[in-house]
Amino acid sequence: MPKRLPEDPRLRGLIAAQMSRRNVLMGAGGLTLAGLLAACGTGGTGTSTNTGSAGGLAPAEDLSDQEKVVNWANWTLYLDYDDSTQKYPSLEAFSKQSGIQAKYSEDIDGNDTYFGKIQGQLAAGQDIGQDIITLTDWMAARLIRLGYTQELDHANIPNAANLLETLKNVDFDPGRKNSLTWQSGYAGIAWNKEAVPGGLKTVGDLWKPELKGRVEVLDEMRDTMGLLMMENGVDISGSWGANEYDAALEVLQKQISSGQIRQVKGNSYKEDLISGDALAVICWSGDITQLNFEEGDKWEFAIPEAGGTLWSDNLMVPIGSPHKKNAEALMDYYYDPVNAATAAAYVNFICPVEGAKEAMEKIDPELVDNPLIFPTEEDLARVSVFRSLDADEETDFSDRFQQTIGN
Amino acid sequence: MSVQAAADKTPAPDKRRGGSERGSGELKEERRRGRMGYWLILPGFLFLLLFFVLPVFSLLATSLYAKPPGADIGQFVPALEFNNYVRMLGSYWPELLRSFGFALIATAAALAIGYPMAYLIAVRLRHHALLRGILLVLIIAPFFTSFILRTQAWKQILADEGPVVSVLRTFALLPDDGRLTATAFAVVCGLTYNFLPFMALPIYANLERLDIRLIEAGNDLYASGFTTFRTVTLPLSMPGVIAGTLLTFIPAAGDYINAALLGNNRDTTMIGQVVDSRFFRVVDYPGASALSFVLMLAILALVFIYVRRFGTKELL
């Protein structure tokens, strides 16, 4: 069961008591500064309303029947796009077929930054202007736990039955009540083929002396730490704890201090691969395909021997969205195997829809055997999903990860 | 407006300074002008109130929020949790000091590069309008492209396989495994480069008004070029220097783009990066706010001391 703060009556009572004491003091004018500060600050994080309120957040009234629109926030390069018409063909087809006007925006450039942007409004139950948001597993877990998403009505999404069996029961959303997978991918290792002719097999190979100062790892905690923990023999989907985490963090600390790791980076590691500053990296599978396509076949990606991470991005309806039914219609549309294959042919990530592989035969036969879109059983057996963390773990782990990478 | 007042409206500047000669009409006129001034600053005042003063209070309030037991990520309640400051300063004083250190070096470097540039354009080339225009455009031109793109370009220029590093290696100025990017040196260079125009332009604006006859007078009195510079040009240009150093130092101390792109994860982290990571990654809004507030106060204090020590009355 997801832990939702307002469901704990003791805690709720405690916070409510705190709040009212403060209000009384403020009313008496006893703490003018505190009063002024609190008045200014409520808008600052917008969280006090939520923690102080008696129940959870209520979903917005669904106006889908009156307003035939759906707004979808996604990452860049994540839906089939036609350069010549500057439109998204599959989305156009959806609008034509359903009569629902779909507005697509590439608003999301990072889970953390997007959360920072929308949290205040979500905590107050407000409409953020998006009816579907697309976020990675752990952030989806956080939003669902916080009660920031609406429960989906699977009767409106019959095609959701096509979701791959392995993704149907994720630990952060059993039964997929609040989310559906958009695309998935791996984190693994990659290297410059010319500079590292022998290639790399394990994460430990990144610490070879000849790569000193030319290695970069991801600033996405779950991917970098996940690979490091697997290298230590930990099953990252299992019930590991702080000890296993600390052991991996120590490895990271050591490699940063010694200068073996040049930088810890987000998406921009790609530029360093191109410039040659980075010769070996912990990275995302899709990026390397794309780089090889753009810059000539210079790099090779591999899932490390000890295993790689598997992540997914998930479609969710935010709590304040007044167009849930329209959003569900759109999800249903992309869970149709043909439409799923159309999108997958463009984005080159793992397609989560059963039957899309067969549909791909007609769209682009060459891609049917691409293991980065339709993974082999072997590959899937070698990757794991980083287990969901509870709120305290998440804060503690990301705090110490940030400190280790110098922030 | 009375005839008398109209006549008084444009008194000779020197006369106004001789306070003893003031008539009562002049005093009234001055008061009226004073009131007029208040009206003129009203829009600016309202703007600052809305977009600076209120956010600062919000920041201060957030910096004192507390996390109730069992709260989920991003859930804080209003409180007076001064421990946030202790906690942040205890953990991040090195980054704070480093930020000021880097900003100080970058400011000094920008002054060393920017002053001669401004001097050349404003004084030496005073009568070469075309050359002057071209050089000014060259200083301003970098603003036409994005800050991040320019820093990114630096990364490519200074890359391990790039031209600069290979030349330095050839002349053994850099060991074979040495590098320029991902070092503190690169971060300071990036800061210097990115804020150079903020240094050069105020100094230029100041030197442009410098009366060259004063330099000639210095020569006539047998002062060497350096003495003339030290005793005439430099003191007269101090307002420009002060403005330039402030415009460079303040944003440089809070900058995080340069450190993020050109630095590493060991010894180049600046306080702006920490604020970013506390706010977005760790979702520690109070901590991030406390650090921002400390940064603001520290800069304010440093600027105050600096302007008190070296400043001219025109700035305070």
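Entry: ground rules. I worked from a predicted model, in which local features need pLDDT of at least 70, side-chain atom pairs count only at pLDDT 80 or more, and totals for chains, interfaces and linings use all residues. Residues are numbered from 1 along each chain as its sequence is written, while chains are lettered from A and ligands numbered from 1 in the order in which they are written.

Entry: S9(A). I looked up strand S9 (residues 308-316) and found nine of its nine residues buried, so the strand is largely enclosed by the rest of the structure. Buried is used for 20 or more other C-beta atoms within 10 Å of a residue's own, exposed for 12 or fewer, and partly exposed for in between, with C-beta atoms placed from the backbone. Strands (E, at least two residues) and helices (H or I, at least four) are DSSP runs, numbered from the N terminus.

Entry: partners. I took two strands as paired if DSSP finds at least two bridges between them. S3 (residues 132-136) is antiparallel to S9(A) over four bridges, and Ile133(A) has Met316(A) as its bridge partner. S4 (residues 180-192) is also antiparallel to S9(A), over seven bridges, with Thr181(A) opposite Asn314(A). S10 (residues 383-384) runs parallel to S9(A), joined by two bridges, and there Gly308(A) faces Val383(A).

Entry: positive phi. I noted Arg176(A), phi near 55°, in the loop between helix H7 (165-168) and S4. Arg176(A) is partly exposed because 18 other C-beta atoms lie within 10 Å. I also noted Asn348(A), phi near 65°, in the loop between H13 (337-347) and H14 (356-363). Asn348(A) is buried because 20 other C-beta atoms lie within 10 Å.
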